[in-house]
Amino acid sequence: MHAKVAVVTGAASGIGRALALGLARRGARLALADIDPGGLGETARRAGALGVEAHTWQVDVGDRAAVVSFAAEVEKHYGTVHQLYNNAGIAGGGVNILDAEWAVFERVLAVNLWGVLHTTKAFLPHLIDSGAGHLVNISSLNGLMAQAELGAYSTSKFGVRGFTEALRMEMVAAGHPVRVCVVHPGGVKTNIATATLAEAERIGRVVTAEYREQIRVYNERALRLSPDRAAEIILRGVEANRPRILVGGDARVVDVAVRLLPRVYPWLVGRAMRQAAR
Ligand SMILES: NC(=O)c1ccc[n+]([C@@H]2O[C@H](COP(=O)([O-])OP(=O)(O)OC[C@H]3O[C@@H](n4cnc5c(N)ncnc54)[C@H](O)[C@@H]3O)[C@@H](O)[C@H]2O)c1
């Protein structure tokens, strides 16, 4: 990875920041994108302290025109891009499909699914030209198993998986030198669930004390792996050219369960949720 150029979206926080720092430790030159300029600046400062070049771009990955000009600026600055980590994402959870405002579906799909499509299309020619490109799309455990009250999120993450697998076949069929990888993390201790509260308030939903408590318990019980550990599993998987990377014991269990118990698992998960709500 030494001196190669890696683009990381959602680099201001959580897994994206940890990926950026893991890549910096491997000597990569970094193009970091996020909507949060403060967090981005902090990631770049930490990467710089590791002795690598890191530049930041404030980009909303859901905005196609912004992503196209981001890719052009990265090319102007660095030339060839070798690796793209499509990591930016939001959860948009806590509401069932029957009651969900359209704004929830629109925003979650814009960031998690369209964001991945925009950046992939914008950077793919560069990855091909690099002669040894790597595209890494972060899906989720919810790209293997859907979950109630995460309808928009599950839709987006199954979409990322389908898009990534189709693209992998196309790269193989065309003989293009790009490895294409889909990542399914389980619970990772980041800001993702807490950020849902701010997003809910932004679209005018009333955030109840009960929902705040649900997020607190979810953070405590479900999001356990450290972002550094998650990033290390991902980067080692990329180095080993794995097409599919499962992050954490929970993702590995779900991966087996959905295949062994395809008819029973939705019922088991629903029942577990009912019990947890008591
Ligand atoms: N944390 C988990 O348990 C978990 C599990 C499975 C998958 N994931 C996925 O991992 C990825 C990273 O999430 P995280 O857990 O580190 O969350 P996080 O909230 O800590 O980080 C997400 C980053 O994405 C940025 N972002 C949000 N919308 C954006 C936009 N429109 N354009 C650019 N940047 C944007 C945020 O500002 C933030 O810096 C996401 O795709 C998420 O769905 C996380």
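Biologist: Which element gives the most to the lining of the largest cavity?
Modeller: In this predicted model, the largest cavity has a volume of about 80 Å³. Helix H4 (102-129) and helix H6 (192-202) are the elements that give two or more residues to its lining. With four residues, the element that gives the most is H4.

Biologist: How many residues in the lining of the largest cavity are charged?
Modeller: The lining is made up of Ile90, Gly92, Gly93, Ala103, Val104, Arg107, Val108, Thr196, Glu199, Ala200, Ile203 and Arg205. Since Asp, Glu, Lys and Arg count as charged, while Gly is placed among the polar residues, the lining divides into six nonpolar and three polar residues, and the number of charged ones is three.

Biologist: How many cavities of 30 Å³ or more does the count come to?
Modeller: The largest cavity has a volume of about 80 Å³, and the second largest cavity has a volume of about 30 Å³. With the cut-off set at 30 Å³ or more, the count of cavities comes to two.

Biologist: Which element supplies the largest share of the lining of the second largest cavity?
Modeller: The second largest cavity is lined by Thr9, Val61, Asn86, Asn87, Ala88, Val111, Gly115, Val116 and Thr119. By class, this lining has four nonpolar residues, five polar residues and no charged ones. The largest share, four residues, comes from H4.

Biologist: Turning to the pockets, which residues are the closest to the centre of the second largest pocket?
Modeller: The second largest pocket has a volume of about 250 Å³. It is lined by 17 residues, and the closest to its centre are Lys4, Gln83, His134, Val238 and Asn241.

Biologist: Which element gives the most to the lining of the second largest pocket?
Modeller: By class, the lining has eight nonpolar, five polar and four charged residues. At least two residues of it are supplied by each of strand S4 (83-86), strand S5 (133-138), strand S6 (178-185) and H8. With three residues, the element that gives the most is H8.

Biologist: Is H1 roughly parallel or oblique to H8?
Modeller: Helix H1 (residues 14-25) packs against helix H8 (residues 227-239) with the axes 8 Å apart and at an angle of about 60°. Because angles under 35 degrees count as roughly parallel and those of 65 to 115 as roughly perpendicular, the relation of H1 to H8 is oblique.

Biologist: How many nonpolar residues are there in the contact of H1 with H8?
Modeller: H1 passes H8 in a right-handed crossing. On the H1 side, Gly14, Ile15, Ala18, Leu19, Gly22 and Leu23 meet Pro227, Asp228, Ala231, Ile234 and Leu235 of H8. These residues divide into two polar and one charged, and the number of nonpolar ones is eight.

Biologist: Are H1 and H2 roughly parallel or roughly antiparallel to each other?
Modeller: The axes of H1 and helix H2 (residues 37-49) come within 9 Å and cross at roughly 20°. Because angles under 35 degrees and over 145 degrees are the two cut-offs that matter here, H1 and H2 are, in their relation to each other, roughly parallel.

Biologist: How many charged residues does the contact of H1 with H2 have?
Modeller: H1 passes H2 in a right-handed crossing. The contact brings together Arg17, Ala20, Leu21 and Ala24 of H1 with Gly39, Glu42, Thr43, Arg46 and Ala47 of H2. Alongside four nonpolar and two polar residues, the number of charged ones is three.

Biologist: How many polar residues does the contact of H6 with H7 have?
Modeller: The contact is made by Ala193, Thr194, Thr196, Leu197 and Glu201 of H6 together with Tyr211, Arg212, Ile215, Tyr218 and Asn219 of H7. By class there are five nonpolar and two charged residues, and the number of polar ones is three.

Key: Residues are numbered from 1 along each chain as its sequence is written. This is a predicted model: local features need pLDDT of at least 70, side-chain atom pairs count only at pLDDT 80 or more; totals for chains, interfaces and linings use all residues. Side-chain values use heavy atoms; hydrogens and water are left out. Axes are lines fitted to C-alpha atoms, for helices over the stretch in contact, and angles run from 0 to 180 degrees between N-to-C directions. A crossing is left-handed if the near helix is turned anticlockwise from the far one by less than a right angle, and right-handed if clockwise. Contact means heavy atoms within 4.5 Å. On a 1 Å grid over the protein atoms alone, a cavity is a set of points where a 1.4 Å probe fits but cannot get out, and a pocket is an open set with protein on both sides within 12 Å along at least five of seven lines; lining residues have an atom within 4 Å of a point. Grid points are joined across faces, edges and corners, and a volume is the space filled by probe spheres set on the points.
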